[in-house]
Amino acid sequence: MDMENISEEDYKIPDVKYEYLDHTADVQLHAWGDSLKEAFEQCAMAMFGYMTDLAYVEMVQIQEIEASGHDLESLLYNFLDELLFLFSAEPFLICKKVIIDVFNLDDFTIKCRCIGEEFQLGKHPQGTEVKAITYSAMQIVNEPDTNKFEVFVIIDI
């Protein structure tokens, strides 16, 4: 996908709605949003933000990914795993923004655009390497009637 398909809105960086919680030998990502889709996007940004300081990342490349699952937990796991693969394989994309364009909870599919650039030592501060996503203690809070949308994911570092 080329950068010409990016709108002005796509370049706006959303408010940070995630935090890092201490966990033995691993790190727990806690993200939230005004919708479950936003909570998933914020969780992705939390993962990338743990790997480097996103303030140093420019939005010059875009990649599309798709993920699917058989339930919400497997969808979140596979979504983050696909994003981790983007970082782990050529072109080693570090994403400054993740935009979920399709968030289908009927068949548990996601299609999203990842905007950032190739990770480069010297330009991007090296954070902690994320080795894997885990199902351990994964929680998805999806309560539309109370506007409560949160995800908790432990990543193996």
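Author: We'll go from strands and helices to the core, the aromatic rings and the charged pairs. Keep in mind that this is a predicted model.

Reader: Let's begin with sheets. Which strands form the open sheet, and in what order?

Author: The general idea first: strands of a sheet pair through backbone hydrogen bonds, either parallel or antiparallel. Here three strands make an open sheet, ordered S3-S5-S4, with antiparallel pairing. Strand S3 (61-68) and strand S4 (93-104) are the edge strands, each pairing on one side only. From one strand to the next, the twist averages 20°.

Reader: How many bridges hold S3 and S5 together?

Author: Eight bridges, in the antiparallel sense, with S5 covering residues 109-118.

Reader: What does strand S2 pair with?

Author: S2 pairs with strand S8 (residues 148-156), antiparallel, over eight bridges. Within that pairing, Leu29 stands opposite Val153 in S8. Strand S2 itself, residues 26-33, is mostly covered, with seven of its eight residues buried.

Reader: Can we stay on S8 for a moment? Is Ile155 buried or exposed?

Author: Ile155 lies in strand S8, and at 0% relative accessibility it counts as buried. Setting aside neighbours within four places in sequence, Ile155 is in contact with Asp26, Val27, Leu29, Tyr50, Val130, Ala132 and Ile133. For a contrast, take Asp34: from Ile155 it is 121 residues away in sequence and 23 Å away in space, C-alpha to C-alpha.

Reader: On to the core. Which residues have the most contacts inside the largest nonpolar one?

Author: That core has 44 residues, and Phe40, Phe48, Phe79 and Leu83 have the most contacts inside it. The elements giving two or more residues to this core are S2, H2, S3, H3, S4, S5 and S8. H2 provides the largest share, 10 residues.

Reader: What is Phe40 in contact with, neighbours within four places in sequence left aside?

Author: Its contacts are Leu72, Leu75, Leu76, Phe79, Ile100, Phe103, Ile110, Ile140 and Val151. There's also a second, separate core of five residues, including Ile6, Met59, Ile99 and Ile115.

Reader: How many aromatic pairs are there, and how do I describe one?

Author: A pair of aromatic rings is described by the distance of the centres and the angle of the planes. The structure holds six aromatic pairs. Take Tyr20 and Tyr50: their pair is tilted, 5.0 Å centre to centre with 55° between the planes. Tyr20 belongs to strand S1 (residues 18-23) and Tyr50 to helix H2, so the pair ties together parts 30 residues apart in sequence. Tyr20 is partly exposed, with a relative accessible area of 35%. Bring in Tyr18 and you have a cluster: ring pairs link Tyr18, Tyr20 and Tyr50.

Reader: Last topic, charges. How many salt bridges does the structure hold?

Author: Side chains of opposite charge can pair when their charged atoms come close. In this model there are nine salt bridges. One of them joins Lys37 and Glu41, whose closest N and O atoms are 3.2 Å apart. The two are four residues apart in helix H2, which means that about one helical turn separates them.

Reader: How do Lys37 and Glu41 sit, buried or partly exposed?

Author: Lys37 counts as partly exposed at 29% relative accessibility, while Glu41 counts as buried at 13%. Now look at Lys148 and Glu150, whose side chains meet in a salt bridge at 3.9 Å, N to O. Lys148 is partly exposed, with a relative accessible area of 39%, and Glu150 counts as buried at 16%.

Reader: Which residues do shared partners join into one network?

Author: Asp10, Asp101 and Arg113, through salt bridges that share partners. Elsewhere, the side chains of Glu9 and Lys12 meet in a salt bridge at 3.4 Å, N to O.

Notes. Residues numbered from 1 in each chain as written. Predicted model: local features only at pLDDT ≥ 70, side-chain atom pairs only at ≥ 80, totals over all residues. Heavy atoms only, no water. Pairing = 2+ DSSP bridges. Axes fitted to C-alpha atoms, helices over the stretch in contact; angles between N-to-C directions. Buried < 20%, exposed > 50% of the residue type's maximum accessible area, 1.4 Å probe, protein only. Core = buried A, V, L, I, M, F, W, Y, C linked by side-chain atoms within 4.5 Å. Contact = heavy atoms within 4.5 Å. Phe/Tyr/Trp six-rings, centres within 6.5 Å; stacked < 30°, edge-to-face > 60°. Salt bridge = Lys/Arg side-chain N within 4 Å of Asp/Glu carboxyl O.
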